[in-house]
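Dear colleague,

I am passing on the structure that we discussed, with the sequence alongside. Please look it over first, and then read the notes that follow.

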Amino acid sequence: MNTSKNVSKDIKAMQNGDKNRRTLVQVVVAVVLIALVAAIALFIVNRDSTSGDASAAGSSGSTGAQLTPTSLTDDGAIRFGNPDATTVISVVEDFQCPACKNFESVSGSTLQQLADAGNVAVDYRPISILDRFSNGTMYSTRAASASICVAENDRDNWMNWHTAMFEQQPSEGGTGLTDDELVAIAAAAGADSSAVASCITDGSYTDWVTTQTQSVLGEGINGTPNVRVNGTDIANPTPENILTAAAGS
């Protein structure tokens with residue numbers, strides 16, 4: 001009888017041992033599966049992240065260190081004319097904006113003449129509110145960044161570049177101009193330094209443009225072009241209306 005009891009104990013011990021081993025195996029399998037799932041998820045995230053970065057590098061040019069402009073006004077404007085003028089004409093624009101292109105073709109020369117006259121300051125404030133019309137390439141942001149690149153590195157040729165940019169404005173809904181095309185426009189306008197080129201291809205001011213855009217929108221400006229004389233909107237900014245507003249300011 002003692003033998004029978006011993007056998008029973010042995011069987012129970014074996015059963016308990018098997019149960020423990022099964023439990024251990026299940027735990028190990030679960031741990032392995034969790035680790036495998038985590039590894040797969042990490043691989044997918046890294047792959048997608050790398051793909052997104054490559055796309056951004058090819059389209060938005062934001063591969064280099066982000067910079068803050070040093071030659072602009074306190075509100076982020078590229079100023080021409082008399083820096084101490086009491087009459088300031090401010091133009092908020094988006095290089096993807098067809099209405100801005102029309103404004104430039106009609107009134108751009110008038111603004112240049114006013115800036116050259118020496119008693120008026122003309123402020124250009126590029127922003128990016130139309131990226132959605134460039135099929136994912138962030139053309140508005142890249143073009144605005146390029147405008148700061150030229151202003152910071154070759155201001156004497158900025159006006160020529162500005163005119164050429166609107167003359168070669170891409171259609172909405174396309175992919176916009178490439179970084180290389182932006183560099184070519186700058187070079188053709190006289191801003192052909194390596195500093196300008198690398199600044200454009202690196203997207204050196206894309207973060208700044210994003211921040212500046214939010215700042216401008218926070219001022220209640222929600223469309224482009226927006227033209228103001230000493231802070232007062234010109235609803236129909238024709239050359240005549242701009243001259244009249246500037247003379248009366």
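Predicted model: local features only at pLDDT ≥ 70, side-chain atom pairs only at ≥ 80, totals over all residues.

To begin in the sheet, arginine 228 stands opposite aspartate 233 in S5, and serine 90 stands opposite that arginine, Arg228, which belongs to S4. Residues are numbered from 1 along each chain as its sequence is written, and side-chain values use heavy atoms, with hydrogens and water left out.

**The sheet**

Helices and strands are DSSP runs numbered from the N terminus, with at least four residues (H or I) for a helix and at least two (E) for a strand. S4 (residues 226-229) is joined to S2 (residues 88-93) by 4 bridges, and these two strands run antiparallel; two strands are taken to pair if DSSP finds at least two bridges between them. S4 and S5 also run antiparallel, joined by 2 bridges, and they form a hairpin with 2 residues between them, where asparagine 230 in the turn has a positive phi of about 50 degrees. In general, strands of a sheet pair through backbone hydrogen bonds, either parallel or antiparallel. Here 5 strands form an open sheet in the order S1-S3-S2-S4-S5, with mixed pairing. Its edge strands are S1 (78-81) and S5 (232-233), each of which pairs on one side only.

Both faces of S4 are covered, with Asn226 and Arg228 buried on one side and Val227 and Val229 buried on the other. Buried here means under 20% relative accessible area, exposed means over 50%, and partly exposed lies in between, using a 1.4 Å probe and protein chains only.

Threonine 87 lies in the loop between S1 and S2 and counts as buried at 8% relative accessibility. Leaving aside neighbours within four places in sequence, threonine 87 is in contact (heavy atoms within 4.5 Å) with residues including Val229, Asn230, Ala246 and Ser249.

How do H3 and H6 run relative to each other? The axes of H3 (residues 139-153) and H6 (residues 194-202) come within 9 Å and cross at roughly 155 degrees, which makes H3 roughly antiparallel to H6. The axes are lines fitted to C-alpha atoms over the stretch in contact, and the angles run from 0 to 180 degrees between N-to-C directions; those over 145 degrees count as roughly antiparallel, under 35 as roughly parallel, 65 to 115 as roughly perpendicular and the rest as oblique. The contact is made by Ala146, Cys149, Val150 and Asn153 of H3 and Ala195, Val196, Cys199 and Ile200 of H6.

The axes of H3 and H4 also come within 9 Å, crossing at roughly 160 degrees, and the two helices are therefore roughly antiparallel to each other. On the H3 side this contact is made by Tyr139, Ala143, Ala146, Ser147, Val150 and Ala151, and on the H4 side by Trp158, Trp161 and Met165.

H4 (residues 158-167) has 7 of its 10 residues buried, so it is largely enclosed by the rest of the structure. The buried residues of H4 are Trp158, Met159, Trp161, His162, Ala164, Met165 and Phe166, and what covers them includes S1, S2, H2 (98-117), S3 (121-126), H3 and H5 (179-188).

Valine 216 has its place in H7 (residues 206-218) and is buried, with a relative accessible area of 0%. Not counting residues up to four places away in sequence, valine 216 touches Val92, Arg125, Ile127 and Ile221. The C-alpha atoms of valine 216 and proline 126 are separated by 9.6 Å, although the two residues are 90 apart along the chain.

**The whole chain**

The protein has 8 helices and 5 strands, which follow the pattern α-β-β-α-β-α-α-α-α-α-β-β-α when read along the sequence. Of its 249 residues, 40% are buried. Among the contacts with a separation of 6 or more, 79% are between residues 24 or more positions apart. The accessible surface comes to about 13,100 Å², of which 54% belongs to carbon and sulfur atoms, with areas taken from the Shrake-Rupley method with a 1.4 Å probe and, for residues, only the protein chains shown counting as cover.

With best regards
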